[in-house]
Amino acid sequence: MTDKIKTGCAGLDEILFGGIPENTISVIMGAPGTGKTILAEQLAFSQATADAPALYFTTMSEPLEKFIMHGQSYSFFDASQVGVSVFYEDLGLMLRDDGIEKLPEIVTDVLAVRRPRFVFIDSFKALNELLVAPQVRRTVTFDLASVLTSYNCTSFLIGEYADGMMTELPEFAIADVVLQLIKLATNVREERFLRVEKSRASSSISGLHAFSITEDGLEVYPRLLTPYVSPDYTAKTERVNTGIKGLDEMVAEGFWRGSTTLVAGPPGAGKTIMALQFIGEGVLKGEPGVYLGFQENPTQLARVMRNLGLPVEKLLNDGFELMYQSPVEVQLDKVAGELFRRVRAGKVKRVVIDALGDVQRASIDRQRFANLIYALMQWFAVENVTCMLTYEMSNLFEVHGVSDEQISNMSDNVLLLRFQPGPELKRTLRIIKTRGSDHDNREREIRITADGVIIQDFQK
Amino acid sequence: MTSPSQIMKAVAPERRALILVVERNPIVQRLERYFLEQAGYSVEFVADGVSALARARELHPQILVTEILVPKMDGLSLCHALKSDPGTRDIRVLVFSHLHAEDRARDAGADAFLIKPLDENLLIENVEKLISTAERSVSEKRQ
């Protein structure tokens with residue numbers, strides 16, 4: 001099996017099942033500003049040592065000075081290692097004197113002096129543009145590939161390549177791995193994605209993986225996959241109390257452990273209160289839980305909890321985690337990844353996502369949103385984490401459908417909250433569906449009291 | 001066409017001090033030449049560390065200004081080599097780079113460090129300081 005080198009980016013290593021295979025040539029492609037150089041320098045500084053140095057050739061896309069200036073704004077860029085384990089060379093200037101046809105010879109000469117384990121040429125595409133004649137371009141690229149393959153090093157050719165160039169340019173033929181960085185505009189925001197376009201002799205997780213650029217460099221969030229063990233896991237046969245008076249009795253003695261319950265209703269119907277009660281009840285019973293919310297921040301939620309008579313400080317100390325994400329800035333895959341890590345670590349027994357609409361709006365398309373929620377639900381089921389999802393409906397009185405069709409289908413249980421018009425505005429709850437369980441299907445009045453939501457006429 | 005040095009010779013006093021500048025980028029070389037000659041200094045340029053060491057031994061400039069990121073021998077190694085050689089030890093070295101490496105420059109024996117981008121006033125100010133300390137040192141030795 002081929003040894004792999006880490007990329008300095010944990011999420012990318014996960015996607016590549018350990019990293020980039022050693023002694024290969026990779027192309028890092030993407031439009032300007034997508035993060036190619038950051039990824040390359042992150043890799044160089046995280047992996048290079050004085051004994052296994054990195055050689056970073058700059059060419060004619062940006063002056064060397066810009067690489068240094070920008071690089072130093074990231075935490076991975078250790079200025080003390082420049083000239084020790086990371087060597088920068090201005091290939092552009094060398095080629096001005098000797099001509100582009102001498103590229104393989106010049107690179108060979110510098111390799112012989114620096115003896116690097118990692119070689120970067122940034123931008124290779126800028127050099128390619130100097131090779132006008134196709135025959136010369138192919139010969140020079142082939143010779144360069146021979147040098148980089150013959151010498152014991154792992155190489156990266158970086159460039160502002162567009163999709164269509166993959167079939168035309170010879171560097172894509174010699175490349176063992178092709179990583180593509182993409183920037184997509186969604187309404188007023190931009191989202192970044194990484195895709196492994198090619199991975200010869202090594203597998204990887206397919207599809208688009210979100211990433212963000214932080215002061216630590218690229219942070220990649222591998223696309224959430226459904227669990228491999230899904231068909232074989234053993235479902236728990238125990239019931240989970242929701243902490244909502246009367247509701248558990250409407251569904252035998254509570255929902256199945258590991259099930260997902262969708263609570264849909266208009267604003268003010270009591271969804272968030274029910275969700276807080278659900279997590280609070282779990283924590284009081286020794287089951288830590290995460291409440292992921294997008295509207296109220298932790299301070300506002302703590303106030304709501306106090307008004308419900310919940311012992312906020314005790315709950316927060318005992319495992320009630322308020323995970324808040326601004327709906328404006330939410331990076332869907334990042335949030336899902338964090339939630340997923342908590343679940344996989346076995347630290348969480350209950351999860352609330354309040355509300356699904358905020359998650360949906362943060363997604364670049366409906367299918368990606370549905371896939372992500374489905375994968376999360378499957379992981380919750382396998383890990384026996386009981387989940388409550390809320391969904392806000394716009395119509396106060398008339399109901400024409402409960403949530404996104406796909407989400408309703410995926411959920412084990414669906415509860416519908418409604419307002420009933422009249423002199424006194426009444427709230428009601430109806431259980432639309434429970435998977436693998438009997439339930440009371442009558443519409444019941446609910447009240448929001450100092451003890452939270454209670455089912456008015458169904459209490460023992 | 002009149003070169004910057006020709007223009008400046010007419011307006012600036014000739015200070016005669018020789019400055020050897022190690023800079024691989026010809027565009028930056030051009031700017032540095034302009035400012036230093038305008039300030040009245042004689043300027044020589046080399047593009048790599050190995051040539052700089054040979055030229056410093058040959059010309060014995062009062063000041064050597066070096067970028068760290070230069071080919072063949074980096075600016076810090078060059079500085080160390082100059083300061084280790086009794087024949088070039090007294091050449092004042094100003095490390096002038098985009099790389100935040102002030103401590104490393106001092107460790108290599110540099111007399112001053114200046115971060116790029118190029119600021120004419122800061123560059124001249126640092127060069128003048130180095131020249132005055134060099135001259136003071138020479139006159140102290142004579143006494």
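Of chain A's 460 residues, 46% count as buried. Keep in mind that this is a predicted model. Chain A has 16 helices and 22 strands. Along the principal axes, its C-alpha atoms fill a box of roughly 90 × 40 × 40 Å.

Now contacts. Take the contacts in chain A with a separation of 6 or more. Residues 24 or more positions apart account for 72% of those.

Next, the domains. Chain A is assigned domain 1, residues 4-221, and domain 2, residues 230-455. Their centres, taken over C-alpha atoms, are separated by 45 Å. How many residues of each domain are in contact with the other? Six from domain 1 of chain A, and six from domain 2 of chain A. On the domain 1 side, strand S8 (177-186) and strand S10 (209-214) of chain A each supply at least two residues. That side divides into three nonpolar, two polar and one charged.

On to the core. The largest nonpolar core holds 165 residues. Which of them touch the most other members? A:Ala44, A:Phe120, A:Leu376 and B:Ile19. The most residues come from helix H15 (residues 366-382) of chain A, which gives nine. Both domains of chain A take part, with at least three residues drawn from each.

Look at A:Phe120. Leave out residues up to four places away in sequence. Then A:Phe120 touches A:Ala40, A:Ala44, A:Ala54, A:Tyr56, A:Phe57, A:Phe156 and A:Ile158.

One helix in detail: H7 of chain A, residues 134-150. It has 17 residues, so at 1.5 Å a residue it should span 24 Å. The end C-alpha atoms of H7(A) are 24 Å apart, which agrees. Which residues of H7(A) are buried? A:Val140, A:Thr141, A:Leu144 and A:Leu148. Why do we put these four on the same side of H7(A)? Because they cover an arc of only 95° around the axis. On the other side of H7(A), A:Gln135 and A:Ser150 are exposed. The buried residues of H7(A) have several packing partners in chain A: strand S3 (25-30), helix H5 (103-114), strand S6 (118-122), strand S7 (154-159) and helix H8 (170-174).

Last, chain B. The contact between the chains takes 14 residues from chain A and 13 residues from chain B. The chain B side divides into six nonpolar, three polar and four charged.

Terms used: Residues numbered from 1 in each chain as written. Chains lettered and ligands numbered in written order. Predicted model: local features only at pLDDT ≥ 70, side-chain atom pairs only at ≥ 80, totals over all residues. Buried ≥ 20, exposed ≤ 12 C-beta atoms within 10 Å, placed from the backbone. Contact = placed C-beta atoms within 7 Å. Nonpolar A, V, L, I, M, F, W, Y, C, P; charged D, E, K, R; others polar. Core = buried A, V, L, I, M, F, W, Y, C linked by C-beta atoms within 7 Å. Domains from an automatic or database assignment. Expected span 1.5 Å × (residues − 1). Arc of directions from axis to C-beta.
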